[in-house]
Amino acid sequence: MSSRNCSLAIMGRLLSSSTTTTTRRASSCSTGATCKNLCYSTSSEDIQSRLEAAYTNAISARELEQLFKKGYAVIENAGFDPSVGREIRKEIDAIPNNRFTANSTRFVKDGTQTELVKQNIRELSAPFQETDGTFLNALQRDRTLLTLLNVHLPSETPSEMLFNASLKLQINDGENARFPIHFDSDSSTDQRRWTCLVYLNDEWEEKEKHGGELVLYLPFQEEKKVVVQPKMGTIVMFNSRYVAHSTLPFKGKCRVMYTVWLHCKGSLDGNAKRSTNNKKDSSSKSIETDAQTQLKKLLSPEQRKHLTKLVLAEEWAQSIAEAHDPKSESTARALKTHWEEVDIIARVLSQSFPFAFGRLGELMKTGKISEFPLKF
């Protein structure tokens with residue numbers, strides 16, 4: 001077998017709705033003869049099977065290993081079956097515009113709720129209507145991603161087991177519309193653990209400078225940034241809680257994708273809980289040892305999330321300004337809140353981990369920070 005893991009291939013067959021169904025089969029013509037060219041079946045069983053195969057054929061054990069080790073995995077070159085992607089795109093394009101709503105972020109500051117509407121980005125969450133199409137309805141029932149991740153890396157505790165998936169369609173209508181830098185979820189309030197993006201754009205062209213690329217921010221890894229083109233069939237998976245990401249301004253006409261979020265049972269991340277254990281007395285250790293101990297704590301998942309915002313503070317602020325109406329009071333309040341949070345993060349982390357910051361600076365300057373093992 002190729003580099004694709006044998007167990008995933010077996011799993012793909014087990015997940016299939018029917019063991020006797022293939023993804024391509026001969027269909028009868030109106031003349032009563034059998035077509036010489038194989039045609040895709042449109043039965044709901046075959047559509048579900050094609051969707052499952054699109055995932056299992058694209059996502060190998062290697063990608064899953066990287067996902068759990070580095071917090072992200074990118075599968076390009078039409079990894080997700082383009083024929084399935086085009087069918088999904090066709091059904092999305094047929095949905096009336098008035099069914100979509102503008103993407104917005106709401107936050108409360110000093111008792112005042114502020115809504116930030118992203119310009120020219122609209123979305124539609126499942127459940128979909130039965131008339132929206134057989135592929136979209138199959139997509140909202142599908143549990144292939146959830147099963148793949150659960151089987152490949154069984155949860156250490158019941159609360160970390162993935163049990164549910166949510167789905168959203170998203171359309172970017174251009175004119176420099178973008179998403180600011182953000183994390184998808186918060187471990188204290190949100191059960192989303194992993195994010196999967198699937199892009200559905202045959203018309204996207206790099207040479208035309210359409211833009212709209214996804215950016216993953218990895219300041220404490222070798223890559224630093226990963227930029228992904230939103231081409232048809234590209235899949236991106238990442239940790240919803242601890243991988244910051246954004247989209248660059250989109251100048252094309254229409255950029256379409258869908259997002260699947262995988263939810264765990266518990267609201268608190270096991271990594272965050274475990275990081276508070278094993279406390280050791282460091283009074284007899286040298287400053288260098290203290291620095292290493294503090295650095296380990298500083299780069300634990302929950303602290304690293306705050307540290308990431310501190311490191312990306314300028315670029316983060318720019319992305320907020322570009323994603324929303326720069327003249328609105330809501331945007332001004334959001335930027336003010338951002339800088340207040342950055343100031344608090346800087347003061348608290350520097351006070352809590354005074355030795356770690358010097359060590360962190362050395363490792364980042366030499367590039368050796370990428371050798372520090374991270375947890376996701």
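Within strand β9, A244 is the bridge partner of Y217. The structure is a predicted model, in which local features need pLDDT of at least 70 and side-chain atom pairs count only at pLDDT 80 or more, while totals for chains, interfaces and linings use all residues. Residues are numbered from 1 along each chain as its sequence is written, and side-chain values use heavy atoms, with hydrogens and water left out.

Strand β6 (residues 214-218) runs antiparallel to β9, and four bridges join the two. Strands here are DSSP runs of E with at least two residues, and helices are runs of H or I with at least four, numbered from the N terminus; two strands pair if DSSP finds at least two bridges between them.

Turning to charged side chains, the structure holds 18 salt bridges (a side-chain nitrogen of Lys or Arg within 4 Å of a carboxyl oxygen of Asp or Glu). In one of them, the closest N and O atoms of R89 and E203 are 3.0 Å apart. Because R89 lies in helix α4 (residues 82-93) and E203 in the loop between β5 (192-199) and β6, this pair ties together parts 114 residues apart in sequence. R89 is buried at 11% relative accessibility, whereas E203, at 38%, is partly exposed (buried means under 20% relative accessible area, exposed over 50%, partly exposed in between, with a 1.4 Å probe and protein chains only). D190 and R192 also meet in a salt bridge, at 2.8 Å from N to O, and both residues are buried.
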